[in-house]
Structure formats: structure tokens, C-alpha cells
Amino acid sequence: MALVDQSPYTPGAGHNPPVLAGRDGLLRDWHLVLNDIVAGGRVRAQDMILAGPRGVGKTVTVSAFADLGKEQGFEVVNLQAVSGHAGLVEALLQRARTRMAEEAGPWQRARKAFERIGGVNLSIAGIGAGISTHQSDAAAPGLDAGTLADALATLAAEVRKDAHSGGLLITVDELQVASGPDLALLAATLHRLNVDHPSAPVLFAGTGLPFTPDALRKAGVTHPDRLFVLEPIPLTLEPDDARYAVVEPARRAGVAWTPEAAAAVVEASNGYPAHLQLFAHAIWTSAPGPDQITLGDVEAALPQVADMLERRTLGPRWDRISDRQMEFLAALALHGGRASTAAIAKTLGRSQQELSWLREELIEEGDVYAPKRGQLAMAVPLFNRFVLSHYERTRPEAATELLSLQKMIANAGLDPSAAHADRDMLRRSKQNETRQVPPPSGESVRPRS
């Protein structure tokens with residue numbers, strides 16, 4: 001782009017977009033949550049879990065939550081659930097040791113409360129960061145929710161001495177990969193804070209894939225919808241929000257998208273936030289400028305963008321999935337990317353029980369999600385077209401005999417044209433995509449107080 005070389009768009013996982021479009025309501029609600037917990041403590045807390053497919057902006061939204069907390073004087077502890085690292089308590093102790101080494105006032109004053117957790121001496125090195133996805137053989141003495149809750153309440157009280165409108169905010173990203181014991185301890189700690197420290201200004205926010213509430217239940221957390229506010233994040237942005245996410249960053253840089261160009265990039269990406277950033281960045285980079293992006297610029301760049309998306313994202317994921325997963329996704333794609341489990345079973349000529357393990361695998365890996373009970377949807381809109389265009393080419397290489405698309409179509413009684421990944425099919429798929437991900441497993445969202 002002549003005159004303005006630096007793209008204002010930020011493709012890539014976890015990168016903060018220049019405009020957090022479509023999240024105004026969430027940010028407004030979070031402002032109110034911060035205000036209420038400062039005024040009333042845990043009795044007013046609304047611990048929040050943002051649940052949605054990958055690429056919809058969960059991490060950047062919870063990062064915005066953290067920034068708002070910091071602006072108000074909150075001490076913020078950001079944690080990440082990562083396989084092979086130490087547990088939640090160890091991550092908090094690691095943070096405590098680091099902050100004490102920096103001579104951070106509130107942490108220093110809360111030192112004794114943290115050292116009571118498992119009798120750990122925080123001056124001893126060797127405690128790792130992150131959240132474990134496996135259970136240790138034995139818990140240290142004192143490693144319990146009540147002791148941890150006491151330490152967090154103490155720290156929050158010390159923060160308030162320095163910032164009257166402050167408190168403690170803990171965030172955890174990718175909750176669904178945390179181990180059962182970690183999730184159970186987290187939930188129990190928040191519950192003990194409610195019971196034992198009702199005035200403590202301690203707050204929690206986390207992110208996870210749509211099945212995160214199920215992971216909490218499997219960990220032994222009863223009624224997670226009562227302990228957490230489950231906020232579903234939609235797979236795609238509403239058209240006006242999607243256009244705003246494209247147009248506004250450029251406007252701030254003195255560049256205008258023509259209405260036709262903006263509409264074209266929204267349509268091509270299906271309004272999926274991750275792809276909006278990717279497409280807009282690539283089009284910006286290739287457009288001649290100097291101060292306008294046209295429909296011609298979009299049409300010229302889209303083939304290269306589609307090729308890049310296939311090579312870097314869709315193709316590598318397709319290469320990693322198993323043969324049976326590939327077949328399952330092809331059946332789902334034939335239905336426009338969203339179908340009932342009964343319809344998929346009919347398409348594959350198998351019972352729903354036979355396919356249940358495949359369904360669970362694909363959900364846990366984030367390739368599909370359950371927008372409501374008995375339904376499945378593709379978690380990346382453009383993967384639908386990719387699957388249909390690559391399945392028959394890949395099928396002969398499978399170690400297992402897989403159904404052809406034509407056999408699936410016959411089983412399901414579909415129109416034979418469903419096998420062609422053309423532009424009309426993409427439009428139908430877009431119409432079928434849910435713009436609001438309902439709470440997983442048919443739960444209702446806890447009402448705001």
C-alpha cells in the first residue's frame with residue numbers, strides 16, 4: 001500500500017486486533033462487573049467463561065478484560081493452560097515468587113499467606129509456570145481450596161491498600177485443556193471465596209472451547225452454570241460488525257475501503273474474525289493504493305489469500321486428521337457445514353452410537369462444535385469448501401476404505417450437486433452457519449443480576 005506501508009490488521013492467534021468489533025456488549029458488562037465487585041466484593045462477583053470455537057477472539061477479549069482491570073487498579077494474574085507444565089497453584093506461586101523478587105508491595109505483604117499453601121517456601125526455585133494437563137501422584141499438605149482462597153483474599157486486601165478501587169483478577173486461557181484436578185481446584189477455590197470471603201474483591205475470567213462446561217462437569221464441578229457466567233462467543237460477526245472490523249482500522253490510517261470491497265471481504269471470510277484479519281491484511285498488502293481499496297483490489301488478492309490459507313492452515317490440519325475423521329467431516333460438509341448427528345449417521349450409513357467417539361474427538365480437537373444438543377457445526381467456515389474439494393483426492397490414500405461422496409449423497413438422499421464446492425454452496429453454508437453459539441449442551445446462560 002503506497003504512502004501507508006504498515007498494515008493495521010493483525011492476523012494470527014492471540015494477536016490483538018486494532019478494533020475489537022462485536023464485543024461492545026461484553027466490555028460494557030465487564031465494566032459493570034468490575035464496579036460491582038469493588039463496591040460489594042465476592043458477593044457481587046460474576047466469574048466469567050468465554051466459550052466459543054477457535055479464531056473468534058476469546059483470548060483478545062479476555063485480554064481486554066485484563067486491561068480494563070489494570071486501569072482500575074486491579075492486580076492481574078494471567079495464566080495459560082498448557083500441556084506438560086505445572087499446575088494452577090504452582091503457577092500462582094511462581095507469579096508470587098517473581099513479584100516478591102521485584103519487591104512488589106501487595107505480594108510482599110501477602111507472602112505468609114502464600115507460603116501456607118503446601119508449606120512452600122517461595123524463595124526456593126524450581127516451581128514451574130502454566131497449568132498441568134496431568135495429575136501428580138500426591139498433593140502437598142495444605143494444598144486445598146480453602147488455603148488458596150485465603151491467600152487470594154489476603155492479596156486482594158493488600159492491593160486495596162494501594163489502590164482503593166482495585167482488587168485481584170485471575171484469568172486462565174484455554175481452560176478446556178486443563179486437567180480435571182486443576183479445574184476442580186479452581187472451582188472449589190472460587191466457591192470458598194464466595195463462602196469464606198464474601199467481601200474480597202477477587203474476580204475470575206477464563207476462555208475455552210464450547211465443550212468447556214462439559215470438561216468442568218467431568219472434573220466433578222457440579223452446576224458450572226451456577227458458579228460461572230457462561231458467555232457464548234459467536235462463530236461469525238454480524239455483517240455490520242464484520243464490516244466495521246475491516247473498515248475502521250484503515251480509516252484510522254487514512255485509507256478507505258469502498259462499500260463493495262468491504263462487503264466482498266466479509267462475504268469471502270464469512271465474517272469469521274480470524275479470517276477477516278487474514279484477508280484484510282493480505283488485501284491491504286497487495287493493493288496499490290494510495291488511499292483507497294476497491295473491489296478490484298479484493299478480487300485480485302483473493303486467489304492468493306485462499307492459497308495461503310490452504311497451505312498454512314487448512315491443509316496442515318487436513319493432513320493431521322485420521323481417515324475416519326476425514327470421512328466424518330466430509331459427511332458434515334455435504335450438509336452445508338451444520339447438521340444433526342442423526343443426519344450425519346444416515347449419511348455415513350452407521351448408527352449414532354458407532355460415531356460417538358469420532359464426534360467427541362473432533363469436538364475436543366476443535367474441528368467441530370455443538371451449537372445445541374444433537375447438532376454439529378464446522379468450527380472454521382471455510383473448512384467446509386476445503387473438505388469437499390479435497391476429500392475425493394485424499395480418499396484413495398486412506399488406510400481404511402472410506403465412503404465416496406456420491407455414496408454419502410445417496411445414503412442421505414441429497415442433491416448430487418452437494419458434492420461440488422462452488423460459490424452457491426458457500427452461500428448456502430454461510431446461511432446455515434450459526435451467528436450465535438448457544439451455551440454448550442443446551443444449558444441456559446446465567447441471568448445477570
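Serine 340 has glutamine 375, in strand 10, as its bridge partner. Strands here are DSSP runs of E with at least two residues, helices are runs of H or I with at least four, and both are numbered from the N terminus. The model is predicted: local features need pLDDT of at least 70 and side-chain atom pairs pLDDT 80 or more, while totals for chains, interfaces and linings use all residues. Residues are numbered from 1 along each chain as its sequence is written, and side-chain values use heavy atoms, without hydrogens and water.

**The sheet**

Three bridges link strand 8 to strand 10, and the two run antiparallel. Two strands count as paired if DSSP finds at least two bridges between them. The open sheet has three strands in the order 8-10-9, with antiparallel pairing. Strands 8 and 9 are at the edges with a single partner strand each, so one side of each has no neighbour in the sheet.

Contact means heavy atoms within 4.5 Å. Axes are lines fitted to C-alpha atoms, for helices over the stretch in contact, and angles run from 0 to 180 degrees between N-to-C directions.

| Helix | Strands touched | Angle between directions |
|---|---|---|
| Helix 14 (residues 323-334) | strand 8, strand 9 and strand 10 | about 95° with strand 10 |
| Helix 15 (residues 341-348) | strand 8 and strand 10 | about 90° with strand 8 |

**Helix 2**

Helix 2 (residues 58-71) has 14 residues and reaches 20 Å from its first C-alpha to its last, close to the 20 Å expected at 1.5 Å a residue. That expected span is 1.5 Å times one less than the number of residues. Its buried residues include Val60, Val62, Phe65 and Leu68. Buried means under 20% relative accessible area, with a 1.4 Å probe and protein chains only. The cover over the buried residues of helix 2 includes helix 1 (24-40) and strand 1 (48-51). Just after helix 2, glycine 73 takes a positive phi of about 100°.

**Aspartate 297**

Aspartate 297 is found in helix 13 (residues 295-320). Aspartate 297 is buried, with a relative accessible area of 13%. Leaving aside neighbours within four places in sequence, aspartate 297 is in contact with Ile283, Ala287, Pro288 and Gln292.

**The whole protein**

The protein has 19 helices and ten strands. Of its 449 residues, 52% count as buried. Among contacts with a separation of 6 or more, 79% join residues 24 or more positions apart.

Notes: Buried means under 20% relative accessible area, exposed over 50%, partly exposed in between (1.4 Å probe, protein chains only).
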